[in-house]
Amino acid sequence: MIHVKGLKKSFGDIHVLKGVDLKIERGDVAVVIGPSGCGKSTFLRCLNLLEEPTAGRLEIATQRLEFEPGGKVSEPRKAKFRASTGMVFQGFNLFPHMTVRENVMSGPFLNRILSRKAAGEKADELLARVGLSERAHLMPNQISGGQAQRVAIARALALDPEVMLFDEPTSALDPELVGEVLEVMQGLAEDGTTMVVVTHEMSFARDVATNVVFMDGGKVGEMGPPAQVLDAPQSPRLQSFLSKVVH
């Protein structure tokens, strides 16, 4: 489903990604962990071309792009590639002037994928899936942060992406609201949704991930099943990182 080869990203003289190689199969849940500044979020943003890689190859489902220093991908090509992914950010990024239901139906309706009626029916289905049917008529400022993040997940799902990307989806939430978002994500995993999740929630990585990816210094340091990466880390660097985040 996802094949990344030699992916690099530089901002001027700052080299953030230094050659990332990664394969993720359909239905896998890859949880990306690592210290701050190691390139986790930049890698995720490169997967849906919010940041255009400097070099390397990127494949998602049937879409494939090659990047070369100095080269640029056209905006239509980016849009086509980006359609294969749905992304959920740290902030919820809901449209404040739309109701919860209108937020979820906005993607397929505004992109002329579905009629207003069909988009509304899809929104109703997805809001039921994330447990928010009774909040459909409310505005974003009338719901909690955990509920807003669940709306954001439903909105991303509305476009039927091949892959769901999550960039620290619980980091902006109060601790008591984290569980409701992780529960929705666990449900997606159980349904076979291919997911790449950047998170500091080690319990989620242990319980839900099929693979844990440890990034350090702009590269993949270790990758494997949770029991291997979290319980039997090979490198001193990963051992040191886990000693500080796993209690």
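Biologist: Which strands form a hairpin, and how many residues lie between them?

Modeller: Happy to start there, and please keep in mind that this is a predicted model. Strands β1 and β2 form the hairpin, with 2 residues between them. In the turn sits Gly12, with a positive phi of about 65°. The two strands pair in the antiparallel sense over 8 bridges. To see one of those pairings, look for Ser10, whose bridge partner in β2 is His15.

Biologist: How do I read the sheet these strands belong to, and what is the order of its strands?

Modeller: The general idea comes before the case. Strands of a sheet pair through backbone hydrogen bonds, either parallel or antiparallel. Here the sheet is open and has 4 strands, in the order β2-β1-β4-β5, with antiparallel pairing. At the edges are β2 (14-24) and β5 (63-67), each of which pairs on one side only. From one strand to the next, the twist averages 15°.

Biologist: Over how many bridges do β1 and β4 pair?

Modeller: Strand β1, residues 2-11, and strand β4, residues 55-60, are joined by 5 bridges in the antiparallel sense.

Biologist: Which strands does helix α1 lie across, and which does helix α2 lie across?

Modeller: Let's take them in turn. Helix α1, residues 40-47, lies across β1, β2 and β4, and runs at about 115° to β1. Helix α2, residues 75-82, lies across β4 and β5, and its direction makes an angle of about 135° with β5.

Biologist: What about two helices, such as α3 and α4: at what angle do they pack?

Modeller: Two packed helices are described by the angle between their axes and the distance between the axes. For α3 (residues 100-110) and α4 (residues 116-129), the angle is about 125° and the axes are 8 Å apart. The two helices are therefore oblique to each other. Their crossing is right-handed. On the α3 side, the residues that meet α4 include Val104, Met105 and Phe109. Their counterparts in α4 include Ala119, Ala123, Leu126 and Leu127. By class, the residues of this contact divide into 9 nonpolar, 1 polar and 4 charged.

Biologist: Are α5 and α6 parallel or antiparallel?

Modeller: Helix α5 (residues 145-157) and helix α6 (residues 175-190) pack at about 20°, with their axes 8 Å apart. Because angles under 35 degrees count as roughly parallel, α5 is roughly parallel to α6. Here, too, the crossing is right-handed. Among the contact residues are Gly145, Gly146, Ile153 and Leu157 of α5, along with Leu177, Val181, Val184 and Leu188 of α6. The residues of this contact divide into 7 nonpolar, 4 polar and 2 charged.

Biologist: Now for single residues. Is Asn103 buried or exposed?

Modeller: Asn103 has its place in helix α3. Its relative accessibility is 0%, so Asn103 counts as buried. Leaving aside residues up to four places away in sequence, Asn103 touches Leu94, Phe95, Met98, Pro140, Val151 and Arg155.

Biologist: And Leu110, is it buried or exposed?

Modeller: Leu110 also lies in helix α3. With a relative accessible area of 56%, Leu110 is exposed, because the cut-off for that word is over 50%.

Biologist: You mentioned the positive phi of Gly12. What is the phi of Leu49, and where is Leu49 found?

Modeller: Leu49 has a positive phi of about 65°, although it is not a glycine. You will find Leu49 in the loop between α1 and β4. With a relative accessible area of 3%, Leu49 is buried.

Biologist: What is the phi of Asn93, and where is that residue found?

Modeller: The phi of Asn93 is near 55°, again a positive value in a residue other than glycine. Asn93 is found in the loop between β6 (85-88) and α3. Its relative accessibility is 47%, so Asn93 counts as partly exposed.

Note on methods: Residues numbered from 1 in each chain as written. Predicted model: local features only at pLDDT ≥ 70, side-chain atom pairs only at ≥ 80, totals over all residues. Heavy atoms only, no water. Pairing = 2+ DSSP bridges. Axes fitted to C-alpha atoms, helices over the stretch in contact; angles between N-to-C directions. Contact = heavy atoms within 4.5 Å. Parallel < 35°, antiparallel > 145°, perpendicular 65-115°, else oblique. Left-handed = near helix turned anticlockwise from the far one by under 90°. Nonpolar A, V, L, I, M, F, W, Y, C, P; charged D, E, K, R; others polar. Buried < 20%, exposed > 50% of the residue type's maximum accessible area, 1.4 Å probe, protein only.
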